[in-house]
Amino acid sequence: MPALMGQMMQMPLLISSLVRHAARHSADTEIVSKRVEGDMHRTTWAEVELRSRKLAQALARLGCEAGDRVATLAWNGYRHLEIYYGASGSQLVCHTINPRLFPEQIVWIANDAADKVLCFELNFLPLIEKIAPQLGSVKHFVLMAGRSHMPANSPIPNLLCYEELVEAENGDYAWPEFDENTASSICYTSGTTGNPKGAVYSHRSSVLHAYAAALPDAMDCAASDVVLPVVPMFHVNAWGLPYACALVGCKVVMPGPHLDGKSLYELFENEKVSFSAGVPTVWLGLLTYVKSNNLKFSTFKRTVIGGSACPPAMMKTLQEDFGVEVIHAWGMTELSPLGTLSKLKAKHAELPQDARQRLLEKQGRVIYGIDMAIIDDDGKSLPWDGSSSGNLVVRGPWVIDRYFGKTDESPLVSVDGVGGWFPTGDVATIDADGFMQITDRSKDVIKSGGEWISSIDLENIAMAHPAVHEAAAIAARHPKWDERPLLVVVKKPNAEVTRDELLQFFEGRIAKWQIPDDVVFVSEIPHTATGKIQKLKLRDQFKDHRLPTI
Ligand code: ADP
């Protein structure tokens, strides 16, 4: 007998449904943006949706057809949000490019994606004027500004004005219905570990990810929240917040390029921000500003920190000094990006405070939709005992199964002989409650005489020293042990600590043989375009470093 089929409506999961929902049910809820132009701009979900439809009309008038790529080089702001919805909603593919990449990388990525339209903000005009001749596929350059900001003369042929394009349309446009598996957007990995690769998200994967992101055990977004995504919209779609915020219909505050401590603090206070998300480095800047000016947050309640390991000391400062809950999260471009977040279970309520804290410091549990495993080098799964560490693999409806343009190469691997798992390149443990902890990126692990030392563990300890602003642990060459840990440190302004004092600080906090062999003090640690420590560059910088022999 054939199975009885469900008798529910077939409605494709489309990104346009998110903004339509927000416009209908949270019409007057504000989207506030600090613009590149320097001023504040206020709009609503209703207006964003209307202007997204106008933009869809304008893109069609420019000759864009289903599947064409519309690239952005832009900060977090309402126009960027309109492109997210206007492009994806009309079956085009929104391609966010990270403007912090080197110009040649931007050219490479735009050409690889074969972008047809490039929308960019005012401060990128000089850059685009320089690289435009190399962007062979781009037919239309759009400056995301009003008429008054258009340059009188520009070497860019037929430079278009975003506001003029939008304002010329009447908005009489119905969001089209199409297959939910259609591509919605492309995001390139930042290339920290090789050439950038494109992850192509679908409408279905993005909507499912938005549902998951908003769950209480994930980002816990609600209509009562005021959300400030510090994480840029070019860094894995601001971790899905532009979609999740529409799904719950909350107020959104967009910082534009103004990510320094002072600007962020003022925005948090003036707009009554309750929730935020970003990589650890941005919190370093904000916390330094807030502490040195003896300020407090009046509405800020919780934040997601991820993208690289959140140092426990930072977590503690936010929790104890400012009453801000920190949700430690792990993810990747290839996962849209959310994989795990650290939220406790009911049974953990009984645990002593420090045991609870240790769980919260882990990268956390998967959200429903993601499945994970740790495997050895032969693909055999390892136990979830909190101590066996192995290669972390994942699968789920918002995990890529191949990279853009590489249809013939599958990155997937097998677990216990069953294929279909994405290898993350991270090394992790998983405990019996499903709390995953990243030990390291496989490329960053320090291999000392066949034993592995976690660079994250060393960095977390160093960051707990009151004189340390930022720390990176890297492998330095050693004649006997092959590699030994070298700690690279930026001191806090006006703070003093010596090499020996810092090394002593490790004693009793980690096994003796894992304590770094040496410390070097630098004025700055290099960061990648997404704000992570650039280990590759550091390793190169210190490749000739001679470790002390005793
Ligand atoms: P890229 O791989 O190009 O740097 P991604 O933003 O996709 O760009 O980086 C994903 C990687 O970032 C993960 O594989 C992991 O190594 C690291 N990462 C993300 N979140 C965390 C976290 N909370 N703790 C430790 N590492 C993290």
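## Basis of the model

The model is predicted: local features need pLDDT of at least 70, side-chain atom pairs count only at pLDDT 80 or more, and totals for chains, interfaces and linings use all residues. Residues are numbered from 1 along each chain as its sequence is written, and side-chain values use heavy atoms, with hydrogens and water left out.

Helices and strands are DSSP runs, numbered from the N terminus; a helix is H or I with at least four residues, a strand is E with at least two.

## The nine-stranded sheet

An open sheet holds 9 strands. Their order is β2-β1-β11-β10-β12-β13-β14-β15-β16, and the pairing is mixed. At the edges lie β2 (40-44) and β16 (365-366), each pairing on one side only. Two strands count as paired if DSSP finds at least two bridges between them. Strands of a sheet pair through backbone hydrogen bonds, either parallel or antiparallel.

Helix α9 (residues 241-248) packs on this sheet. The helix touches β10 (226-229), β11 (251-254) and β12 (275-278), where contact means heavy atoms within 4.5 Å. The direction of α9 makes about 170 degrees with that of β10. Axes here are lines fitted to C-alpha atoms, for helices over the stretch in contact, and angles run from 0 to 180 degrees between N-to-C directions.

## Strand β10 and its neighbours

β10 pairs with β11 in the parallel sense, over 2 bridges. Here Val-226 stands opposite Lys-251 of β11. β10 also runs parallel to β12, joined by 3 bridges. In that pairing Pro-229 faces Ala-277 of β12.

Val-226 and Leu-228 point one way from β10. Val-227 and Pro-229 point the other way. All four are buried, meaning under 20% relative accessible area; exposed is over 50% and partly exposed lies in between (1.4 Å probe, protein chains only).

Further along the sheet order, β13 (residues 302-306) and β14 run parallel, joined by 5 bridges. Val-304 has Ile-327 in β14 as its bridge partner.

A salt bridge is a side-chain nitrogen of Lys or Arg within 4 Å of a carboxyl oxygen of Asp or Glu. By this rule the count is 33. Side chains of opposite charge can pair when their charged atoms come close.

Glu-82 counts as buried because its relative accessibility is 0%. Arg-51 is buried too, at 12%. Both residues belong to a network of salt bridges that also links Glu-37, Arg-79 and Glu-163.

## Two further salt bridges

Arg-61 bonds to Glu-169 in a salt bridge, again with 2.7 Å between the closest N and O atoms. Arg-61 is in helix α2, while Glu-169 is in the loop between α6 (162-167) and β8 (183-188), 108 residues apart. Arg-61 counts as exposed, at 65% relative accessibility, whereas Glu-169 counts as buried, at 8%.

The side chains of Asp-518 and Arg-499 meet at 2.6 Å, N to O. Asp-518 lies in strand β26 (residues 518-521) and Arg-499 in helix α15 (residues 499-506), so the bridge ties together parts that are 19 residues apart in sequence. Asp-518 is buried at 9% relative accessibility, and Arg-499 is partly exposed at 29%.

A cis peptide bond joins Ser-336 and Pro-337, with omega about 10 degrees. Pro-337 sits in the loop between β14 (325-331) and β15 (338-341). Ser-336 lies in the loop between β14 and β15 as well. Ser-336 also has a positive phi of about 75 degrees, although it is not a glycine. With a relative accessible area of 7%, Ser-336 is buried.

Asn-237 is another non-glycine residue with positive phi, near 50 degrees. Asn-237 lies in helix α8 (residues 236-239). At 4% relative accessibility, this Asn-237 counts as buried.
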